[in-house]
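This report goes through one protein model, from the whole chain down to single residues. The sequence and structure come first.

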Amino acid sequence: MTTLMNRSLAQADPEIAAVIADEERRLAYNLEMIASENFVSEAILEAMGSVLTNKYAEGYPGKRYYGGCEVVDVAEDLARNRARQIFGCEHVNVQPHSGSQANMAVYLAALNYGDTILGMNLAHGGHLTHGHPLNFSGRSYKIVPYGVTKDAETIDYDEIERLAHEHKPKLVLCGASAYSRIIDFERIGKIARDVGAYSMADVAHIAGLVAVGLHPSPIPHMDFVTTTTHKTLRGPRAGMIMCREQFAKDVDRAVFPTVQGGPLMHIVAAKAVCFKEALEPGFKEYQQQVISNARVLAEELSAAGFRIISGGTDNHVMLVDVFVKGLTGAQAEKALERAGVTVNKNAIPFDTQPPMKASGVRIGSPALTTRGMKEPEMKVIAGWISEALADPESESVRKSVRERVKALCERFPIYEARLVRSLAQTS
């Protein structure tokens, strides 16, 4: 047993060790530009790989259903206190395993099955859990979708107000997975109050910007706020709920025992580390660079003849219409992937293509910014994207761009020690 417990991963499972080494190599030598992805710190990786994974801790600090939780209680309290300090919220639950489960818990806390939710249409930049018919949200509740205007491609607040008064929803929901403009939480909160509805913001994408005041906060205007912790917040892959104190007990019961059992205490600890990093002065500088990098990317791609949905970006993400160049989003994603640039195909508002083809790609700046890249690199990368998509079937173009991508990545290394170690173990 001692031998079994003390083996390295390479010794215990060389196939999985090879998978991890391959992923470290992919991250090292490719440009990660998916807007919902980022790189966590070594400290967060260390917390996620800690012995805290061994502990069952159903319940909450001081009120657990298991003994031996006095140590993990400290970790959860640190996470909760730091989150409250960052966002200025009255109550926080740091146990959700994902943003989807955080959203599910809020729905269960505030609604009955079949109640009406007014939420942003996925096809216009919303999220799967905001009412898509194939998702639990669309299957469990009556969904009234709102979207963006056809001319400006920005949220149609007049439509939200009209639909709210027409349908009298129980919950008005805002937040997006592919929307590049500032969201007016104050106006949406007022609309919800005017019709007697609860209000909720899902800030999974913009949480890091909100944390440092670079995007207006929903906290003063919303009853519930959910987020992931792994996008611009640059933490572990997980979720979190913030709410007014009056909803605290209902939210906590909805997370446990309704939606989840034992929390992942190694991930809760990693969230605490993430929040500590977000409280450091350098985190605001990082977020400012994220926004600046995204704006330069959008400007350069627009100058190259691509259409940027809504005309630009105020945050970390942009939707790029590639159909104007005769490509579907799926074709562009594959062509860029072969050139060493990772993006994802994405529908654009009023898209004429089916979702698995789509007319656009979604591009984000968080991971590139984490590597230390700035405006000059964004201009170069935009040129490479344009070059790769100008002749997407050319092997010579792909090879040429990939070589330049690799050289740039070597100037801005990520996880160097891990890469060296894993390559040595699997060679």
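The sections below cover the overall chain, an open sheet, one of its strands, a helix and a loop residue.

## Basis of the values

The model is predicted: local features need pLDDT of at least 70, side-chain atom pairs count only at pLDDT 80 or more, and totals for chains, interfaces and linings use all residues. Residues are numbered from 1 along each chain as its sequence is written, and side-chain values use heavy atoms, with hydrogens and water left out.

## The chain as a whole

The protein chain holds 18 helices and 15 strands; these are DSSP runs numbered from the N terminus, with helices being H or I of at least four residues and strands E of at least two. The C-alpha trace spans about 65 × 60 × 40 Å along its principal axes. For 427 residues, a compact globule would have a radius of gyration near 22 Å, and the 22 Å of the protein chain agrees with that. The radius is taken over C-alpha atoms, and the globule rule is 2.2 Å times the number of residues to the power 0.38.

Of the 427 residues, 56% count as buried. Buried means under 20% relative accessible area, exposed means over 50%, and partly exposed is in between (1.4 Å probe, protein chains only). Among contacts in the protein chain with a separation of 6 or more, 72% come from residues 24 or more positions apart; a contact means heavy atoms within 4.5 Å.

## The open sheet

Seven strands make up an open sheet with mixed pairing, in the order β4-β10-β9-β8-β7-β5-β6. Two strands pair if DSSP finds at least two bridges between them. β4 (91-93) and β6 (142-146) are at the edges with a single partner strand each, so one side of each has no neighbour in the sheet. From one strand to the next, the twist averages 20°. Axes here are lines fitted to C-alpha atoms, for helices over the stretch in contact, and angles run from 0 to 180 degrees between N-to-C directions.

## Strand β7

β7 (residues 171-175) pairs with β8 (residues 198-202) in the parallel sense over five bridges; Leu173 has Met200 as its bridge partner in β8. β5 and β7 also run parallel, joined by two bridges, and Leu118 has Val172 as its bridge partner in β7.

Five of the five residues of β7 are buried. Leu171, Leu173 and Gly175 point one way from the strand, while Val172 and Cys174 point the other way.

## Helix α8

In α8 (residues 157-167), the buried residues are Tyr157, Ile160, Leu163 and Ala164. They fall within an arc of 125° seen down the helix axis, so they line one face of α8; the arc is that of the directions from the helix axis to the C-beta atoms. An α-helix has 3.6 residues a turn, so residues three or four places apart point the same way. The cover over the buried residues of α8 includes β5 (116-120), β6, β7 and α9 (185-194). Asp158 and Glu166 are exposed on the other side of α8.

At the N-terminal end, Asp156 caps α8, with a side-chain oxygen 3.3 Å from the backbone nitrogen of Asp158. Lys168 follows α8 and has a positive phi, near 45°.

## Met373

Met373 is in the loop between α15 (366-370) and α16 (375-390), and is buried with a relative accessible area of 0%. Leaving aside residues up to four places away in sequence, Met373 touches Leu31, Gln289, Asn293, Leu368, Met378, Ile381, Leu408 and Phe412.

Conventions: A polar contact is a pair of N or O atoms within 3.5 Å; within protein, one must be able to donate a hydrogen and the other to accept it, and residues adjacent in sequence count only if both atoms are side-chain atoms.
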